[in-house]
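Hi,

Here is the structure I promised to pass on. Have a look first, and my notes on its aromatic rings follow below.

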Amino acid sequence: MGVTELFRKSVEEVRREGRYRVFADLERMTGRFPVARNHGAGPAEVVVWCSNDYLGQSQNPAVIAGGRTALESMGAGSGGTRNISGTNHLHVLLEQELADLHGKEAALLFTSGYVSNAATLATIGRIVPDLVIFSDACNHASMIEGIRHSGCEKQIFRHNDLADLERRLAACDPDRPKLIAFESVYSMDGDIAPIAAICDLADRYGAMTYLDEVHAAGLYGPRGGGISERDRVAHRLTIIEGTLAKGFGCMGGYIAADADVVDAIRSHASGFIFTTSLPPVLLGSALASVRYVKQHPELRARHQERAARLKRLLASAGLPVMPSTSHIVPVLVGCPVKAKLVTDRLLLEHGIYVQPINYPTVARGSERLRLTPTPFHTDALMEGLVAALVEVWQTVGLYEPLAAE
């Protein structure tokens, strides 16, 4: 079998399992979020229900103005890596703003949340001799990659299972360095980690902590510092990692920690050292967004209210909305083929865009729709979504919706 045939066969296997991914050809329209222009099959305009632009900050006039000003005054590109002419004053200002957001001494920008996780975790493993990393079973692929490349011994504890984590910590040599790596909001199920209790275990067994706040930064806490700020435990965490691409509506990743930790990652992480830095337009937009989100808690209140309302509407319609304690609203399908049928019909017949979530993102048999209502999804849009889901659910032959009481 030739090399080309091997590539073709690998894709055919994905198609056969019903989980081949098709990208919708959409065009976001400034000022009309969550409506987007559709360049593919179906209606000319669709309503987006699966964006990670959780607060719609990409459409905020203040955020757009920040990017425009930076672009027009500084140009399109950054000029290189941070070390070679690529550090712009906006990098410095944004890192200061992010450190302040999480109550840490310093912060460090990366080109994405994926890179910040992978580069930081891999680098910690190379810096700290004989380190053991305790990783939650549901950690993101970027964290898994970073841990794998760290070369450290790793132990995977059952998801959010404090007893299993403590058992593993207790069995480890008390003198060995330890790191507990976990997330605050897990993006596919929408559940939240018991951060304070994990910090208690870390204190008891002398472990460092690494918290991924990607799906919580901007969305929780008085100023948007995430679940750790909401729960008043940010000061107990060794490293907090986040993104500018979700709650802040831009692009980029970062870590925040004590100055010595940040300086060590800055000095050793290949994923930081050898890549072109974020350009001025992104820095200007992100800086404006972080500052805005800090000062507008009503955005977070509205976001939570919208998610709660959608969950109630789905449950009342008898649709299988999965338990979630966060803003993530997962709806169980349980079959990759039917998940694709559901989302195709929603797009083509109802102008509703949702992507099916299949293996390997979630376990086989737990395929789902992942709905992410924002402050801009109105009651009318929600009612239209639920009505469309009920119709498609019946057509595709999934669960028979219960009559609303």
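Start with Phe-376: this residue is partly exposed, at 38% relative accessible area (buried is under 20%, exposed is over 50%, and partly exposed is in between, with a 1.4 Å probe and protein chains only). Before going on, note that this is a predicted model, where local features need pLDDT of at least 70, side-chain atom pairs count only at pLDDT 80 or more, and totals for chains, interfaces and linings use all residues. Residues are numbered from 1 along each chain as its sequence is written, and side-chain values use heavy atoms, leaving out hydrogens and water.

Rings of Phe, Tyr and Trp (its six-membered ring) pair if their centres lie within 6.5 Å, and planes under 30 degrees apart are stacked, over 60 edge-to-face, the rest tilted. That gives two aromatic pairs. Phe-376 is in one of them, edge-to-face with Phe-33, at 6.0 Å between centres and 85 degrees between planes. The two sit 343 residues apart, Phe-33 in the loop between β1 and β2, Phe-376 in the loop between β14 and α15 (helices are DSSP runs of H or I, at least four residues, strands of E, at least two, numbered from the N terminus). Phe-33 is buried, at 12%.

Phe-110 and Phe-272 also pair edge-to-face, at 5.9 Å and 70 degrees. Phe-110 is in strand β4 and Phe-272 in helix α11, so this pair ties together parts 162 residues apart in sequence. Phe-110 is buried at 2%, and Phe-272 is buried at 9%.

Cheers
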